[in-house]
Amino acid sequence: MKTLKNIGKIALLSLALCGGTTSCNYLDVVPPEQASLPDATKDPESTLGFLFSCYGGIRNPFDYQTVEAGADEYVLPPLWNTGSQKITWDLNLPTNIADGWSWGSNYRFIGQCLLFLQQLPHARGVTDEQKRAWAAEANFLLAYYHMVTLVAYGPCPITDTYIDQATPESEYNGRMHFDYVKDWICQKFDEVCEDGQLPATRTGDEWGRATSVMAKALKARLLVYAASPLFNGSFPYKDWENTNFETPGYGKELISLKYDRKKWEVAKLPARKPLPPQKQPATNCSVWKMHSHYTSRPDSPSRLFLSKAQKAEQPTRTKSSWNAYS
């Protein structure tokens, strides 16, 4: 009996030793290496994938689900209680966001673009020509994300340098004057069109990426928007301004309250500028002509635009018509 007990103790001790040995071997295994920021630019393919991630914030501009449908011209049954209806009824509140929170998404991808531009000089195996072209795409997207934020929310901060996540809220820029942001965006669009940084068109696998034609068309659209009554002398909330943050050259003012006829003249020139030779729906095409080509209504804003600009008269559009995104 005593012998059997000793055998049992030895067996238990052996199992314990085996288990301990197994555990030690398990702890000695080195975990797989995790990808880090330098891996995003370790070769041309990875760097290009990094650039493609900067396009991730682009939304369908004609989704007609939230801001786009928040105008009198678009009606849905009240019982549906959609985001667009809440915007129309002035119920888009911080506690009940109805616009899809594109503000947060836009600034997230602005940060992604800035991070890409920060890391691009360290990209391995990427030629200087590729770096120049890819930097132009990222800068185009910077301008685009700021533009869609400006159109949807009005005056907004300009973020042109990468902000670390640990940065305190007090160091963030505040809302900037509408015209200041508009000028910065237009300058960005102009810069990426210089010296062929962006091609006029793309084909094959590059289809859908930024082009100089896109930049010129978006600039023309933004200038028309800036000349519109809402941001050109007829803003309804006259007392709206910053409390502390000041925009260089504008102080605490956020929107100009004085009508400026020159804004229509400035908007007319880019809209009439011919596009580069390519397959177009009409000959001698310009941004304006392409826009009007797809617009058949005689009273559409597109067809009325040039006559408004030439006469330099303030258009008579209602406030509600500018609630829509586009």
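**Ile 185 and its surroundings**

Modeller: Start with Ile 185. Leaving out residues up to four places away in sequence, Ile 185 touches Ala 143, His 146, Met 147, Leu 150 and Leu 222. Keep in mind that this is a predicted model.

Colleague: Which nonpolar core residues have the most contacts inside it?

Modeller: They are Phe 116, Phe 140, Ile 185 and Phe 189. That is for the largest nonpolar core, which has 54 residues.

Colleague: Which elements give two or more residues to this core?

Modeller: Those are α2 (44–53), α4 (102–119), α5, α6 and α7 (212–227). The largest share comes from α5, with 15 residues.

Colleague: OK, helix packing. What should I look at for two packed helices?

Modeller: Two things: the angle between their axes and the distance between the axes.

Colleague: Which residues of α5 meet α6?

Modeller: From α5 you have Ala 136, Asn 139, Phe 140, Leu 142, Ala 143, Tyr 144, His 146, Met 147 and Leu 150. Facing them in α6 are Phe 178, Val 181, Lys 182, Trp 184, Ile 185, Lys 188, Phe 189 and Val 192. By type, the residues of this contact divide into 13 nonpolar, 2 polar and 2 charged.

Colleague: And α7? At what angle do α6 and α7 pack?

Modeller: About 160°, with the axes 9 Å apart. α6 and α7 are therefore roughly antiparallel to each other. α6 passes α7 in a left-handed crossing.

Colleague: Which residues make the contact?

Modeller: On the α6 side, they include Phe 178, Lys 182, Ile 185, Phe 189 and Val 192. On the α7 side, Ala 215, Leu 218, Leu 222 and Tyr 225 are among them. The contact of α6 with α7 has 12 nonpolar, 1 polar and 4 charged residues.

Colleague: Val 192 keeps turning up. Is Val 192 buried or exposed?

Modeller: Buried, because its relative accessible area is 2% and the cut-off is under 20%. Val 192 lies in helix α6. Not counting residues up to four places away in sequence, Val 192 touches Ala 136, Asn 139, Phe 140, Gln 197, Leu 198 and Ala 215.

Colleague: New topic. Where does Gly 70 lie?

Modeller: In the loop between α2 and α3 (83–88). Gly 70 counts as buried because its relative accessibility is 0%. Gly 70 and Ile 87 are 5.5 Å apart, C-alpha to C-alpha. In sequence, Gly 70 and Ile 87 are 17 residues apart.

Colleague: Now zoom out. How many helices and strands does the protein have?

Modeller: There are 10 helices and 0 strands.

Colleague: How many of the residues are buried?

Modeller: Buried residues make up 39% of the 326 residues.

Colleague: And contacts between residues 24 or more positions apart? What percentage do they account for?

Modeller: They account for 64% of the contacts with a separation of 6 or more.

Note on methods. Residues numbered from 1 in each chain as written. Predicted model: local features only at pLDDT ≥ 70, side-chain atom pairs only at ≥ 80, totals over all residues. Heavy atoms only, no water. Contact = heavy atoms within 4.5 Å. Helix = DSSP H or I, 4+ residues; strand = E, 2+ residues; numbered from the N terminus. Nonpolar A, V, L, I, M, F, W, Y, C, P; charged D, E, K, R; others polar. Core = buried A, V, L, I, M, F, W, Y, C linked by side-chain atoms within 4.5 Å. Buried < 20%, exposed > 50% of the residue type's maximum accessible area, 1.4 Å probe, protein only. Axes fitted to C-alpha atoms, helices over the stretch in contact; angles between N-to-C directions. Parallel < 35°, antiparallel > 145°, perpendicular 65-115°, else oblique. Left-handed = near helix turned anticlockwise from the far one by under 90°.
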